[in-house]
Amino acid sequence: MEEEKIKPKRLKYEPIIPPKEHVYLDGPKSRGYELRFAWKVFKQFIMGFRHLHFVGPCITVFGSARFKEDNEYYICAREFGKRIAELGFTTMTGGGPGIMEAANRGAYENGGRSVGCNIRLPFEQVANKYVQTSLTFEYFFVRKTLLIKYSYAFIIMPGGFGTMDEFFETLTLIQTKTITGFPMILFGKEFYRELWEAIQLMAEKGTIAKEDMNLVLMTDDVAEAMDHIHKYITTNYKIVPRKPLRWLFEKN
């Protein structure tokens with residue numbers, strides 16, 4: 001007996017998007033909405049500029065918010081904060097817990113200046129208690145711009161998506177000479193081993209220049225990292241203090 005062919009059942013409802021018909025999503029907002037958004041962004045930038053203009057040259061430490069104080073990377077980040085303070089630089093972080101807290105803590109405990117640029121998230125990221133200057137931003141791109149703008153070196157500790165975003169954007173800005181070629185430290189050889197291999201593959205395949213590999217120092221040694229930063233800064237830069245302008249109501 002020949003088996004009956006099973007016919008697919010007809011759906012009882014019509015498709016939401018008819019075939020061969022354009023669907024226009026929300027797209028651009030109204031001009032009024034865009035103007036209000038631009039104003040909010042402008043206000044956040046001005047707030048950041050006013051508060052950070054006199055914090056002094058910074059070294060920014062990026063890393064995960066999830067490490068506790070007994071973690072090896074927390075301990076290393078705390079040591080970085082201490083060494084940054086000894087150089088006379090301000091330690092700047094994203095202002096939250098984990099690696100950020102550790103770096104701010106190391107600076108704070110050793111008489112250094114400590115700054116945190118926090119972010120407003122759906123799950124609230126509380127500012128750590130070791131920052132002397134704390135700012136909270138609504139937009140990641142504003143916060144990231146300021147974390148880069150005031151720094152002479154960048155230390156990338158182990159972290160997640162946010163840390164990778166900060167690492168690759170900063171590296172791209174240096175690679176394209178959009179900002180000065182400040183030293184970048186990728187800390188944690190075992191943690192970043194596969195990432196480093198992927199970057200080496202990019203160089204082999206020609207998607208980046210082989211010379212671009214020299215833009216980053218990967219190390220497990222805090223002393224080696226700080227020596228690299230110290231040598232670069234003392235060779236290339238001279239610190240010039242800024243004076244506040246009274247007519248702008250600026251405070252040092």
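**Entry 1: the chain as a whole**

I looked up the surface first: the chain exposes about 16,600 Å², and carbon and sulfur atoms supply 56% of this area. The areas come from the Shrake-Rupley method with a 1.4 Å probe, and for residues only the protein chains shown count as cover. I note that this is a predicted model, where local features need pLDDT of at least 70 and side-chain atom pairs count only at pLDDT 80 or more, while totals for chains, interfaces and linings use all residues. Residues are numbered from 1 along each chain as its sequence is written, and side-chain values use heavy atoms, with hydrogens and water left out.

Of the 252 residues, 40% count as buried (under 20% relative accessible area; exposed is over 50%, partly exposed in between, with a 1.4 Å probe and protein chains only).

I found 7 helices and 7 strands in the chain (DSSP runs, H or I of at least four residues for helices and E of at least two for strands, numbered from the N terminus). From the N terminus, I read the order as α-β-α-β-α-β-β-α-β-α-β-α-β-α.

I then looked up contacts (heavy atoms within 4.5 Å). Among those between residues at least 6 apart in sequence, 71% join residues at least 24 apart.

**Entry 2: salt bridges**

Side chains of opposite charge can pair when their charged atoms come close. I counted a salt bridge where a side-chain nitrogen of Lys or Arg is within 4 Å of a carboxyl oxygen of Asp or Glu. The count comes to 11.

Asp165 pairs with Lys144, with 2.6 Å between the closest N and O atoms. Asp165 lies in helix α5 (residues 161–175) and Lys144 in helix α4 (residues 140–149), so this pair ties together parts 21 residues apart in sequence. Lys144 is buried at 11% relative accessible area, whereas Asp165 is partly exposed at 37%.

Glu109 and Arg105 form another salt bridge, at 2.9 Å. Both lie in helix α3 (residues 99–109), 4 residues apart, or about one turn of the helix. Glu109 is partly exposed at 40%, but Arg105 is buried at 12%.

Arg193 and Glu194 meet at 3.1 Å, N to O. Arg193 is partly exposed at 35%, and so is Glu194 at 46%. I also found one network, in which salt bridges that share partners join Glu69, Arg78, Arg105 and Glu109.

**Entry 3: a nonpolar patch**

Which residues make the nonpolar surface patch of about 390 Å²? I found Trp39, Phe42, Ile46 and Phe49. Patch residues have over 30% relative accessible area and no salt bridge; like charges are joined within 9 Å, nonpolar side chains (Val, Leu, Ile, Met, Phe, Trp, Tyr) within 5 Å. Ile46 sits in helix α1 (residues 31–52) and is partly exposed at 33%.
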